[in-house]
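Below are some notes on the model, in numbered points. Please read them with the structure open.

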Amino acid sequence: MIKKYLKWGSIAFLVWYVVNRPDGAAGVVQGTLNGLGGAADSLSTFMTSAIP
């Protein structure tokens, strides 16, 4: 039951944050995507070096 409340509370907070701070929300998304891109680049470099 508490899992359900945490899920809905998280969704409500996310909606509130996007409505009240769209620039901040966009920054969070951009930072996350940049981090994932960096991780993919690092993995690609590792695989290229590891496999002759």
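1. Y17 is partly exposed, at 23% relative accessibility; the classes are buried for under 20% relative accessible area, exposed for over 50%, and partly exposed in between, using a 1.4 Å probe and protein chains only. Helices here are DSSP runs of H or I with at least four residues, strands are runs of E with at least two, and both are numbered from the N terminus.

2. A word on the basis of these values. This is a predicted model, in which local features need pLDDT of at least 70 and side-chain atom pairs count only at pLDDT 80 or more, while totals for chains, interfaces and linings use all residues. Residues are numbered from 1 along each chain as its sequence is written, and side-chain values use heavy atoms, with hydrogens and water left out.

3. How many aromatic pairs are there? The count comes to 2, where rings of Phe, Tyr and Trp (its six-membered ring) pair if their centres lie within 6.5 Å; planes under 30 degrees apart are called stacked, over 60 edge-to-face, and the rest tilted. F13 and Y17 make a stacked pair, with 6.1 Å centre to centre and 20° between the planes. Together with W16, these residues form one aromatic cluster.

4. Helix α1 covers residues 2-20 and includes W8. W8 is exposed, with a relative accessible area of 53%. With I11, V15 and V19, W8 makes a nonpolar surface patch of about 410 Å². Patch members have over 30% relative accessible area and no salt bridge; nonpolar side chains (Val, Leu, Ile, Met, Phe, Trp, Tyr) are joined within 5 Å, and like charges within 9 Å. A salt bridge would be a side-chain nitrogen of Lys or Arg within 4 Å of a carboxyl oxygen of Asp or Glu.

5. The protein has 2 helices and 0 strands. Its radius of gyration is 18 Å, well over the 10 Å that the globule rule gives for 52 residues, so the protein is more spread out than a compact globule. That radius is taken over C-alpha atoms, and the rule is 2.2 Å times the number of residues to the power 0.38. The C-alpha trace spans about 50 × 30 × 5 Å along its principal axes.

6. Of the 52 residues, 4% count as buried.

7. Helix α2 (residues 22-50) contains G24, which is buried at 16% relative accessible area. S49 also lies in helix α2, but S49 is exposed, at 61%. The C-alpha atoms of S49 and T32 are separated by 26 Å, with the residues 17 apart along the chain.

Note on methods
Areas by Shrake-Rupley, 256 points an atom, 1.4 Å probe, with all protein chains shown as cover.
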